[in-house]
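Work through the exercises below with the model open beside you. Try each task before reading its solution.

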Amino acid sequence: DRKRQIWPAAWCGLHYVRLQMHALRDFEIKAIGILADGVLSPAQFDAVSSATELSSYNHTGVGYFVSVAHHSLPVAPQTLSAPFVAGRIGETECGFVCFLGEGELTLECHPVSGPDVPTNMRDLPVQVSAEPSNVIDLR
């Protein structure tokens with residue numbers, strides 16, 4: 001049956017059901033949650049994490065940018081880069097930065113050490129953590 005070959009969809013008895021898949025991967029949502037803590041409201045974070053489609057994706061050859069849009073996101077530009085958020089898979093270590101503005105959130109994933117971010121990074125089980133800051137307050 002042709003209906004059973006279409007993905008992402010499921011054949012449920014006599015009903016054909018389209019499955020809602022999240023556009024962002026779990027590790028990307030975790031990175032955004034750490035970086036945007038106290039910046040995005042719970043409703044804005046839910047809108048980002050439950051988005052079902054990307055507004056853009058670009059792998060640069062060394063890392064990637066992934067974006068989602070929602071009318072509730074801030075219009076004013078803002079960069080969220082603290083605390084340092086690291087992702088690890090095998091020998092690859094990457095960092096994450098969020099860019100907000102014009103109703104869109106863009107997550108950058110860039111290499112920190114080791115090899116460049118592979119093109120299939122989004123399909124791998126990336127471990128995300130916030131790293132302690134090395135900033136010293138000299139006041």
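Two strands pair if DSSP finds at least two bridges between them. Helices (H or I, at least four residues) and strands (E, at least two) are DSSP runs, numbered from the N terminus. This is a predicted model: local features need pLDDT of at least 70, side-chain atom pairs count only at pLDDT 80 or more, and totals for chains, interfaces and linings use all residues. Residues are numbered from 1 along each chain as its sequence is written, and side-chain values use heavy atoms, with hydrogens and water left out.

**Exercise 1. Confidence**

Task: Find the mean pLDDT of the protein chain.

Solution: pLDDT is the predictor's confidence in each residue, from 0 to 100. The chain mean is 86, and 81% of its residues reach 70 or more. Residues 1-12 fall below 50; beyond near neighbours in sequence, that stretch has 18 contacts in the model (heavy atoms within 4.5 Å).

**Exercise 2. The strands around β6**

Task: Which strands pair with β6, and in what sense?

Solution: Start with β5 (residues 78-89). It pairs with β6 in the antiparallel sense over eight bridges. Gly87 stands opposite Cys94 in β6. Two residues separate β5 and β6 in a hairpin, and Gly90 in the turn has a positive phi of about 60°.

Next take β7 (residues 104-113). β6 and β7 are antiparallel too, over nine bridges. Here Leu100 is opposite Leu105 in β7. This hairpin also has two residues between its strands, and Glu102 in the turn has a positive phi of about 55°.

**Exercise 3. The core**

Task: Which residues touch the most other members of the largest nonpolar core?

Solution: A nonpolar core is a set of buried Ala, Val, Leu, Ile, Met, Phe, Trp, Tyr and Cys residues joined through side-chain atoms within 4.5 Å. The largest one has 27 residues, and Ile32, Phe96 and Leu105 touch the most other members. α1, β4, β5, β6 and β7 each give two or more residues. The largest share, five residues, comes from α1. Now list neighbours of Phe96. Beyond four places in sequence, its contacts include Phe27, Ala31, Leu35, Val85 and Leu107.

**Exercise 4. His59**

Task: Which backbone atoms lie by the side chain of His59?

Solution: Locate His59 in strand β3 (residues 56-59). Its side chain reaches the backbone nitrogen of Gly61 at 3.1 Å. The backbone oxygen of Pro118 lies 3.5 Å from a polar atom of the His59 side chain.

Terms used:
Polar contact = N/O pair within 3.5 Å; in protein donor to acceptor, adjacent residues only side chain to side chain. Buried < 20%, exposed > 50% of the residue type's maximum accessible area, 1.4 Å probe, protein only.
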